[in-house]
Amino acid sequence: MALAGILSPLFGAREENWLKVETPSFTVISALRERETVAWAGEFSQFVAALQRFITIDPRRLPPLTVVIFSRDRDFNPYRMLGLKGKPVEVAGFFSRRETWAVAGLGTAESREDMRRVIFHEGVHWFLSGFSRANPVWVEEGVAEVFSTFMVERKNLQWGQAIPEHILLLRDQKPMPLERLMFVDRSFLSHGSQVAGLLYAQSWAFAHYLTFGQHDLSRTVLTDYLKLCHAAIHPDEAFRQAFGGTYEELDRKLQKYVSGGTYFVAKPPLPEISPPSVAPASPIEVQLALARLALASHRHPLARQHAEKAVALLPDDPRGYEMLGLALDEAGEEGPAMVAYREAVSRKSQDFQPYFRQGQALQTAADGQLSAEDARAAARFYQQAINRHSYHLASYQNLAGLA
């Protein structure tokens, strides 16, 4: 199938004057004025730098993050996440992570408290994705809530402020035992708003206690606990080693901490950050960023349109074909997706996905009857995928399956 048969007529969206602001940790594609964009990027840079003081990760494992900021909230509407009934979810913004990239979308850079907390909460999730394995839900949500209160006050930052709705909930409802909290999974969040609210509240309280409470534990205790969990130590033993007591002992300490009603607010000096670079965003950079945002919100037709526009802007650039392949693939159009992936590979794509998916397609189509020639071709694709993304486990597993 020729690629020309895949491309649909390009849409006529209103053109914006987009800026590109680059920092060592992320890139911003913004329709705001330069002053507003640089101010937002500077504050988020300080937030990331401050997190690095508390949580030790390998920054090389963080997927490159692109933040898209719209000038008007209504321009963000076509990219909002869709809810269970197919209606857009009214949120201030969202983050999403893929294997080799992450994207965030903001309807505006207004500094309402609820919006700020959402953005910083999701920013913590992006930062914690630098760990090689999935983290316990209570750590993810508790740490995200604690540091979502980030603020800048003159030459200091602030975080650790009490979150009133969490405190009220913990006083009104009986908390779940820590022995249970340690093992809840993502499905727990779908058990209704009241149950999910208790999870967020108690996770916040325990993370706040460990990070800022009065105890003899190291201030790196959460990172130490995650390292123990990732080292395949039994969770009960990881808990005991990290927190220095039994579940019941920590339950009593946490309850005393919550009932005490005093929550320390940290006000360390702001970290030094490198000044960002500012330039007009190129048309293809804008289309690729919007395609990622549309993919993240599962709006595949819109993602396809942006990818097609990227291909039309620079036909020899593999990135447009990479995004087009992803959009088609996730929409269930495997055949056209493979055409786009082949076009990306022919242009020396540096993303792992086109290579991995072609190897996978060869292996799957053979249904156990893979010829020697196809097996060698699939192996070459998997090796190319590994060369471009050495942390992708499925590439190694599928390559081993060819033996």
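**Aromatic contacts and a negative surface patch**

At 0% relative accessibility, Phe 47 is classed as buried in this predicted model. Phe 120 is likewise buried, its relative accessible area being 4%. A search of the whole structure identified 33 aromatic pairs. Among them, Phe 47 and Phe 120 form a tilted pair, with 4.6 Å from centre to centre and 40° between the planes. This pair connects distant parts of the chain: Phe 47 lies in helix α1 (residues 34–54) and Phe 120 in helix α3 (residues 113–128), 73 residues apart.

A further tilted pair is formed by Trp 138 and Phe 206, with a centre-to-centre distance of 5.1 Å and an angle of 40° between the planes. Here too, distant parts of the chain are linked, as Trp 138 belongs to helix α4 (residues 137–147) and Phe 206 to helix α7 (residues 193–212), 68 residues apart. Both Trp 138 and Phe 206 are buried.

Ring pairs also join residues into a cluster, which consists of Phe 26, Trp 40, Phe 44, Phe 47, Phe 54, Phe 95, Phe 120, Phe 147, Phe 150, Trp 159, Phe 212 and Phe 264. Phe 47 and Phe 120, described above as a tilted pair, are among the members of this cluster.

Glu 179, Asp 236, Glu 248 and Glu 249 form a negative surface patch. Of these residues, Glu 179 is located in helix α6 (residues 178–181). The relative accessible area of Glu 179 is 39%, so this residue is classed as partly exposed.

Notes: Residues are numbered from 1 along each chain as its sequence is written. This is a predicted model: local features need pLDDT of at least 70, side-chain atom pairs count only at pLDDT 80 or more; totals for chains, interfaces and linings use all residues. Side-chain values use heavy atoms; hydrogens and water are left out. Patches are made of residues with over 30% relative accessible area and no salt bridge: like charges are joined within 9 Å, nonpolar side chains (Val, Leu, Ile, Met, Phe, Trp, Tyr) within 5 Å. Accessible areas come from the Shrake-Rupley method with a 1.4 Å probe; for residues, only the protein chains shown count as cover. A salt bridge is a side-chain nitrogen of Lys or Arg within 4 Å of a carboxyl oxygen of Asp or Glu. Lys and Arg count as positive and Asp and Glu as negative; His and the chain ends are not counted. The place of a charge is taken as NZ of Lys, CZ of Arg, CG of Asp or CD of Glu. Helices (H or I, at least four residues) and strands (E, at least two) are DSSP runs, numbered from the N terminus. Buried means under 20% relative accessible area, exposed over 50%, partly exposed in between (1.4 Å probe, protein chains only). Rings of Phe, Tyr and Trp (its six-membered ring) pair if their centres lie within 6.5 Å; planes under 30 degrees apart count as stacked, over 60 as edge-to-face and the rest as tilted.
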